[in-house]
Amino acid sequence: MTKMCEQISFEDLAQQFGTPLYVYSQNELSTAFSRYQQTFSALKPLICYAVKANSNLSILRHFAQLGSGFDTVSGGEIARVLAAGGAADKIIYSGVGKSVAEIEYALTVGIKCFNVESLPELDRINEVAQRLNKVAPISLRINPDVDAKTHPYISTGLKANKFGIAMSDAERAFVYAHSLPALKVIGIDCHIGSQLIDLSPLIEACERLLILVDKLAQQNIVLQHIDLGGGVGIVYHEEQTPDLHFYADELTKLLQQRSLNLIIEPGRSLVGQAGTLLTRVEYVKQGEEKNFVIVDAAMNDLIRPTLYEAYHHIENTVFRQPEILVDVVGPICETGDFLAQNRMLAAEQGDLLLVHGAGAYAASMASNYNSRCRAAEILVNGKEVKLIREREKIDDLFANERALL
Ligand SMILES: *Cc1c(COP(=O)(O)O)cnc(C)c1O
């Protein structure tokens, strides 16, 4: 059976565009987005796609056309959204380290809300807004201290994390924000972690934030929205499918009697499954203790396996038997350069492998380490194929450098 992305074979794409290659299915992007819209229809949330998961302009444009807002974490991401045709008044700006220049830019283009993560950030946004004669709409990111039960590197809602304002300081922080003249306090937010399989910690986080919302209302600080961040996981391996209906139903119970708008910021769950990384086998090498399938994609194309101990399913487009135990590794000079370890796989030189679940945190985390050109990206819609990012060329690698000595 020929392996296909929509109506095009992966092998044809690899021959036309080369490897490594990121391939995205437009249909899967649309399906993931409408699944959120349908499941949450009772609450009509503003869905703010988390740009960092995959920030390609065409993907942003596609979500913008479906009505999406955007969660951003830098001036660069805000610029991408605008370049892609996204609406400024649907942009949320998160992150612990917003610079003065970034705040100025966000105020100038007129974003929907700053998700503020500390008291000094409140002061800085207030100062910049005053200087520009503007009022900055803000939300405070509260750390609800719930355990997201995910990998430590992608857990963000615990006391020990750098993100957000502690629950115990939250009320004071809101009162302080409310007192600053150039800020308008419009919301409360959290984001407790990523790749959540059990979604009940998200409900618990919402419950904790709502207690705070009520306390604030008693002090005449009335919020317009609650933003629960992203975090819904996807199936990479043998995880259970996260129950989006459960999440939506529980939220509906908590929020339907309130005049509080809901914002959610899904990233991975909108793009992860839509993407496949295509890579060609360069060599099969028998080591002393292990067998290695050496491919032309590497940790600079997909860092998740080595950074998060993440599992990506790898499939050979050529049917072969028998499978043997291998590591699938790239050409980079690092022991950490692997796409899979201790995997049963049959592969030979020249075979095209599919690395699944590569739509999120793959291309957007790519680097030029070992002076490797970043791969091209392709968007497939039925039989139609669009090159949405050209493969980098060798000259691009040192275009900004000078050999001065
Ligand atoms: C990364 C991030 C998201 C998206 O997380 P996913 O797990 O990809 O859904 C949403 N909000 C914030 C603030 C983030 O940092």
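Eleven residues of domain 1 are in contact (heavy atoms within 4.5 Å) with eight residues of domain 2. This is a predicted model, in which local features need pLDDT of at least 70 and side-chain atom pairs count only at pLDDT 80 or more, while totals for chains, interfaces and linings use all residues. Residues are numbered from 1 along each chain as its sequence is written, and side-chain values use heavy atoms, with hydrogens and water left out.

The domain assignment, which is automatic or taken from a database, places 4-22 + 272-391 in domain 1 and 94-266 in domain 2; their centres, taken over C-alpha atoms, are 35 Å apart.

Gln273, Tyr308 and Tyr311 supply 56% of what domain 1 buries against domain 2, more than any other three residues.

## The ligand site

The ligand is surrounded by 14 residues (a heavy atom within 4 Å), and the closest are Lys52, Ser194, Glu265, Arg268 and Tyr361. A side-chain N or O atom of Ser194 is 2.3 Å from an oxygen atom of the ligand, and a backbone N or O atom of Gly231 lies 2.9 Å from a ligand oxygen atom.

Terms used: Buried area is the accessible area (1.4 Å probe) that two parts lose on being put together, summed over both. A polar contact is a pair of N or O atoms within 3.5 Å; within protein, one must be able to donate a hydrogen and the other to accept it, and residues adjacent in sequence count only if both atoms are side-chain atoms.
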